[in-house]
Amino acid sequence: MKIAHISDIHCNYGTDFNEKIFDKAASMVNKVDPDLVFISGDLTTDGLLSEYELAKEKLKNIKGKVMIVPGNHDERNLGWKLFPEFFGDTDFIQTYDDIVLVGLGSSEPDKDDGRLGRGRHIKIEEGIKKKKMTVLGFHHHVVPVPNSGRETNIIEDAGETLDIILKNEVPLVLMGHRHVPWAVKIHKTLLVNAGTFSCNRTRAHFGNTFNIIDIDENKIEISVVNIRKEKEMKMIEFNISNGCCTNKYYD
Ligand SMILES: [Fe+2]
């Protein structure tokens, strides 16, 4: 199974959104022809109606099945009321072939901080009970992300969340928010952040990126696609059966 993991699109009529990069990136995603596209939040910058309309319009350029959770920016200025109108449930459990995707809204209205809370922890446990490979997806991060600046906004209940994830050996967690691609294996779990797809606020030389995730029953491979350079680079390879993991992206 192939998933395109996109994050932090930041549709906006100010300086945040790079429409040219978005259009290029959308056609690159379509070329990859993923089974599923997962967007881990921040489709807008200020949660405004005009930005939601723009995001809805732009996402029509990405073909196939797309699943979306909101980010902190999407919940600003009553944007939390607009998200379900435009993109459906903020929390969901969806089964695709061999995986169960549990999508969770980690944002609170008008706050940059993230939190899952007991209700969403129960949802994670419900997903795990489906007895397929569980993939979790939400906007904020659960551990600090290197090269993304001074640590802030990690989910408040990161400890409790990690406990559920690690105890149940959830193999894959997909996040965004920090505008930097990164992956780390902890115990038997791969924690993966996608960088920003089309926001001008990139960090140093990371540029605009998205992740391609190849999953089979024994192995998960994550590659990062640099949109401007049209270059794909393997970030991490995680062998689920023997726990071996190699991370080359920062070599
Ligand atoms: Fe964010």
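Student: Why is Val173 called buried?
Tutor: The model is predicted, and every value here is computed from it. Val173 has 25 C-beta neighbours inside 10 Å. The cut-off for buried is 20 or more, so Val173 counts as buried.

Student: Where does Val173 lie, and which residues is it in contact with, leaving aside neighbours within four places in sequence?
Tutor: Val173 is part of strand S7, residues 172-175. Its contacts, with those neighbours left aside, are Leu136, Val142, Ile165, Thr189, Leu191 and Val192. To count as a contact, two C-beta atoms must lie within 7 Å. Leu191 is 18 residues from Val173 along the chain, and their C-alpha atoms are separated by 4.9 Å.

Student: Which residues have the most contacts inside the largest nonpolar core?
Tutor: They are Leu136, Val173 and Val192, in a core of 63 residues.

Student: What makes Ile128 partly exposed?
Tutor: Ile128 has 19 C-beta neighbours inside 10 Å. Buried needs 20 or more and exposed needs 12 or fewer, so Ile128 falls in between and counts as partly exposed. Ile128 lies in helix H4, residues 118-128. Not counting residues up to four places away in sequence, Ile128 touches Thr134, Asn168 and Val170. Lys58 is 70 residues from Ile128 in sequence, and the two are 33 Å apart in space, C-alpha to C-alpha.

Student: How do you know that the span of helix H1 agrees with its number of residues?
Tutor: H1 covers residues 19-32, which is 14 residues, and at 1.5 Å a residue it should span 20 Å. The end C-alpha atoms of H1 are 20 Å apart, so the two values agree.

Student: Which residues of H1 are buried, and how do you know that they are on the same side?
Tutor: The buried residues of H1 are Phe22, Ala25, Ala26 and Val29. They cover an arc of only 110° around the axis, which puts them on the same side of H1. An α-helix has 3.6 residues a turn, so residues three or four places apart point the same way.

Student: What is on the other side of H1, and what covers the buried residues?
Tutor: Lys20, Ser27 and Lys31 are exposed on the other side of H1. The cover over the buried residues of H1 includes strand S1 (2-6), strand S2 (36-40), helix H2 (49-59) and strand S10 (209-215). Just after H1, Asp33 takes a positive phi of about 55°.

Student: Why is strand S6 called largely enclosed?
Tutor: S6 has five residues, 133-137, and four of the five are buried, so the rest of the structure largely encloses it. S6 runs parallel to strand S5, residues 99-103, and five bridges join them. One of the pairs is Leu101 with its bridge partner Val135 in S6.

Student: How do you know that the radius of gyration agrees with a compact globule?
Tutor: For 251 residues, a compact globule would have a radius of gyration near 18 Å, and the protein has 16 Å, which agrees. The C-alpha trace spans about 50 × 40 × 35 Å along its principal axes.

Student: How many helices and strands does the protein have, and what share of its residues is buried?
Tutor: The protein has five helices and 13 strands. Buried residues make up 45% of the 251.

Key. Residues are numbered from 1 along each chain as its sequence is written. This is a predicted model: local features need pLDDT of at least 70, side-chain atom pairs count only at pLDDT 80 or more; totals for chains, interfaces and linings use all residues. Helices (H or I, at least four residues) and strands (E, at least two) are DSSP runs, numbered from the N terminus. The radius of gyration is taken over C-alpha atoms; the globule rule is 2.2 Å times the number of residues to the power 0.38. A nonpolar core is a set of buried Ala, Val, Leu, Ile, Met, Phe, Trp, Tyr and Cys residues joined through C-beta atoms within 7 Å. The expected span of a helix is 1.5 Å times one less than its number of residues. The arc is that of the directions from the helix axis to the C-beta atoms. Two strands pair if DSSP finds at least two bridges between them.
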